[in-house]
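Biologist: Hey, I've got this one open on my screen. Can you walk me through it?

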Amino acid sequence: MSPASTSPASSRVPAPLRRVVAWLPTDVDRRVRVFAWLSFIAEVLIIGTGGAVRLTGSGLGCPTWPKCTPDSLVNTQEMGIHGVIEFGNRTLTGLVGILAIAVVVLVWRMRHERRVLFVLSLIVLVGIVAQAVVGGITVLTGLNPFIVGFHYVASVSLVAVCAAFLVRMNQPAGPRRRAVPGWFAGLVHATTGVLALTIVFGVLTTGAGPHSGDAASVRNGFDAEVLEHVHSWPGYALFALTLVVVVAAWRLRLHVRRWAVALLAVELVQIAVGLYQARNGLPEFAVGTHMVLAALAAATMTVVVLRLKEPVVAGRQDAARETASARG
């Protein structure tokens, strides 16, 4: 590059940093895809490890925050297995944050052309930082069940945002238009609302149940047995609505039909696990699986909702192909 082609602003940037910026992709490539998937998987895994913290009674394995103890940043041998589990979950939070930073950096050069991807990556990064603070508050408040519940709902939301990133990174930039009938879109959005309601009641049910995260922690005061039944009502309504979505999508041969089937499959497994845990005294492994499945259901629902629209360019290409086929 000649001196004349180098702007004064860029010349003030250190050469190593310029090389790093030049290395960054200008469009979605393999690097972006790999780290986006790793970020999604890590967000799901941290829900599993967070569940393990609660279900093993390790919620106060590290009794202080941000340090594990007043005198140690990490867990000590005297803290036993509970300290290992709780500190392990905190360590995974760091990994999740590193992956989120990597995604933000990788989409930096395309932040104008692929603004949606950049915004979604920032939401995940800011959400992880906020989640670390909320996690600290849960410890400092002695595992208040409402704060713990909010912590879980926020984690599920971050999984959904990561799923949204995965969908949008595989679509071209530009405007989008609805690719399904209006009534079908309304049905899907109603199903999404019922899913959210199901998760909220599930959180309240868990907050009233025996898995508090620590023997000394209080519960939310609701009747757990009553909430188990109340939680099942939107759960069955969700299954019925999803079944209607699947049938309608296949009859209309909509592009979203395979993801609708995937959502139904996740819900069937979720219902089976829910019935098993309710009839067997809430075994820890089943409860943890139920928590992870709820996050996967939210992620799959996100994909279904986003596929209700399609890029305008793709839509025009499909219309052109259909016209050519009809003429042929």
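Modeller: The largest pocket is lined by 37 residues, and E228, H231, G274, Q277 and H290 are the ones nearest its centre. On a 1 Å grid over the protein atoms alone, a pocket is an open set of points with protein on both sides within 12 Å along at least five of seven lines, and lining residues have an atom within 4 Å of a point. This is a predicted model, where local features need pLDDT of at least 70, side-chain atom pairs count only at pLDDT 80 or more, and totals for chains, interfaces and linings use all residues. Residues are numbered from 1 along each chain as its sequence is written, and side-chain values use heavy atoms, leaving out hydrogens and water.

Biologist: What about the second largest pocket?

Modeller: That one has a volume of about 710 Å³. Its lining has 33 residues, with G50, N89, T93, G135 and H151 nearest the centre. α3 (30-55), α4 (80-106), α5 (115-140) and α6 each give two or more of them.

Biologist: Switching topic: at what angle do α3 and α10 pack?

Modeller: About 150 degrees, with their axes 9 Å apart. Axes are lines fitted to C-alpha atoms over the stretch in contact, and angles run from 0 to 180 degrees between N-to-C directions. α3 and α10 are therefore roughly antiparallel, a label for angles over 145 degrees.

Biologist: Which residues meet there?

Modeller: From α3, F40, V44, I47, G48, G51 and L55 meet E284, V287, G288, M291, V292, A295, L296 and A299 of α10. Contact means heavy atoms within 4.5 Å.

Biologist: Last one: how many cavities of 30 Å³ or more are there?

Modeller: Two. A cavity is a set of grid points where a 1.4 Å probe fits but cannot get out. About 80 Å³ of space lies in the largest cavity, which is lined by A36, S39, A100, V103, L120, S121, V124, C162 and F165.

Biologist: Which helix gives the largest share of that lining?

Modeller: α5, with three residues.

How values were computed. Grid points are joined across faces, edges and corners, and a volume is the space filled by probe spheres set on the points. Helices (H or I, at least four residues) and strands (E, at least two) are DSSP runs, numbered from the N terminus. Angles under 35 degrees count as roughly parallel, over 145 as roughly antiparallel, 65 to 115 as roughly perpendicular and the rest as oblique.
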